[in-house]
Amino acid sequence: QDVGERKTFAMSETQARVTPEMLELLEGPLGVPNPLQFLSELEARNFNVTPPSSPLDFSEADKMWDNGNQAAMLKYLELALEDDTGWALAKCGDISLHNGEDTGVTDKDLGIYFYRLALPLVLAGAEKEDPLSLLSLSNMHYWGDVVEKDRVKSYEYARLSAKKGNTRAMRGLARQLDEGDGTERNSMKAIKYYKKAVQGGHAYANFDIGFLYDMYPEFRHKRDKVERYYKLAADAGYRQAQYNLAEHYRDLDDFEGAIRYYQMAIDLQMYDASAGLGMMYLEGEGVEQDVERGLSLINLGVEKGDGYSTYMLGTAYLWSIGVDEDLEKGLSLLRSACEKKNVDAQVLMARELLDGYVIDRDPELALKYLKSAAEDKSEHAYLELGHMYSVGEGIPIDKDLATEYYRTSLALGSLEAEGYLNDLLHEPEDV
């Protein structure tokens, strides 16, 4: 009887907290048979935490998450009723709030709901220095959805989790060090933590090492190691590494290697890869030209609302790559990609708005696009912002701000920024 009364109470309380849209998402795309009952059981778990007899294995769900697989959320939900750390629920919050583009599961209310369910578990676990709870608290402070947004606290909780041996925390810690986010930027220390994550069994961190060696000026002497690190992560099943390795091989005119790794990433539903391979077929680059196949591959992502695919199709019509030039269609696709926050589209549209050749000149809108792309750490956006402020492109000249933007672009890996920065720093005073 007590159990029955508890369930009735939980159902009633839960029903007051959820929306029809949340239930529809859980029952529809995620396939939870009885979402309201399931959510009531999740809520009850916050009041009666019984630790599992042995630590839960999150590896399968974590790999799905790393590869943007929508099924990751369902896997985390399956684990949530057994998980005393709050990690599974917190990851559901992450997915719902911040990774809808990758997973197709986006609902702010649902994300906040999961975060709030996770928070008591996470706080209790953090007090006991549980590494997963510490990492969850780090992520929560990073985004600031149910606790204060504080990147310094986020870094500190990740450091404590990493100290306990959590390899995902090591990878997150390295990223904050790499970006100077919540701590002083230190790319050498970032490499150290990435390597520790690899040594601890997180093979995907090989990608991060390869990326730093590939993109950052301070690691130019390590460029010969890029392929090795990308390949280690790619062959371990990480689709971002597969895509980057395909791009690397394409740059080297190794088209067989490019196609192989593009296809591996496509098999994991990575639309950047289908767009890249599609452009090869549109151009006849290393393959026999096949416009129909090229458009079909690019449209895999366009039809799913993918920003990068939309951007690539837009460039095809703007620059008549395999198709007849259609400026109106190309610009329409670019605008759509900008709305989807694709940084490549935002930077290209800004350039077109500044040039005024194919669209009316509008420096104010260009500045808006560039600042949006800069928020996503685009070195090209920072480079263009440096140009705008150094010459006064529709805005007052500000050499100090231009210098800051060029330096940020350089730190993010832009080789061009170094030359512009040197020119600006050595410019005569009266210029």
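**Salt bridges, buried residues and loops in a predicted model**

Lys341 lies in the loop between helix H20 (327–339) and helix H21, where helices (H or I, at least four residues) and strands (E, at least two) are DSSP runs numbered from the N terminus. This is a predicted model, in which local features need pLDDT of at least 70 and side-chain atom pairs count only at pLDDT 80 or more, while totals for chains, interfaces and linings use all residues. Residues are numbered from 1 along each chain as its sequence is written, and side-chain values use heavy atoms, with hydrogens and water left out.

Most residues other than glycine have a negative phi. Lys341 has a positive value instead, with phi near 65°. Lys341 is also exposed, with a relative accessible area of 51%; here buried means under 20% relative accessible area, exposed means over 50%, and partly exposed is in between (1.4 Å probe, protein chains only). Glu129 likewise has a positive phi, near 60°. Glu129 sits in the loop between helix H8 (108–127) and helix H9 (131–143), and its relative accessible area of 45% makes it partly exposed.

Helix H21 also holds Val343. Val343 touches Ala373, Asp376 and Ser378, leaving out residues up to four places away in sequence; contact means heavy atoms within 4.5 Å. Between Val343 and Lys371 there are 10.0 Å in space, C-alpha to C-alpha, and the two are 28 residues apart in sequence.

Apart from neighbours within four places in sequence, Glu384 is in contact with Val347, Arg351 and Leu370.

Tyr357 is placed in the loop between helix H21 (343–355) and helix H22 (363–375). Tyr357 is exposed, as its relative accessible area is 72%. Together with Leu327 and Val358, Tyr357 forms a nonpolar patch on the surface, with about 310 Å² of accessible area in total. Patches are made of residues with over 30% relative accessible area and no salt bridge, with like charges joined within 9 Å and nonpolar side chains (Val, Leu, Ile, Met, Phe, Trp, Tyr) within 5 Å. Accessible areas come from the Shrake-Rupley method with a 1.4 Å probe, and for residues, only the protein chains shown count as cover.

Next come the charged side chains. Side chains of opposite charge can pair when their charged atoms come close. How many salt bridges does the structure hold? The structure holds 18 salt bridges, each being a side-chain nitrogen of Lys or Arg within 4 Å of a carboxyl oxygen of Asp or Glu. One of them joins Glu148 and Lys153, with the closest N and O atoms 2.6 Å apart. Glu148 is partly exposed at a relative accessible area of 45%, and Lys153 is partly exposed at 33%.

Another salt bridge brings together the side chains of Arg175 and Asp208 (3.4 Å, N to O). This pair links distant parts of the chain, 33 residues apart, with Arg175 in helix H11 (residues 167–179) and Asp208 in helix H13 (residues 205–215). Arg175 counts as partly exposed at 35% relative accessibility, whereas Asp208 counts as buried at 4%.

Arg185 and Glu218 also form a salt bridge, their closest N and O atoms being 3.2 Å apart. Arg185 lies in the loop between H11 and helix H12 (187–199) and Glu218 in the loop between H13 and helix H14 (226–235), so the pair ties together parts that are 33 residues apart in sequence. Arg185 counts as partly exposed at 32% relative accessibility, and Glu218 counts as partly exposed at 32%. Elsewhere, Glu247, Arg250, Glu283 and Glu285 are linked in a network of salt bridges.

Finally, the cysteines can be considered. The structure holds 0 disulfides, a disulfide being a pair of cysteine sulfur atoms within 2.5 Å. Cys92 counts as buried at 0% relative accessibility, and Cys338 is buried with a relative accessible area of 4%.
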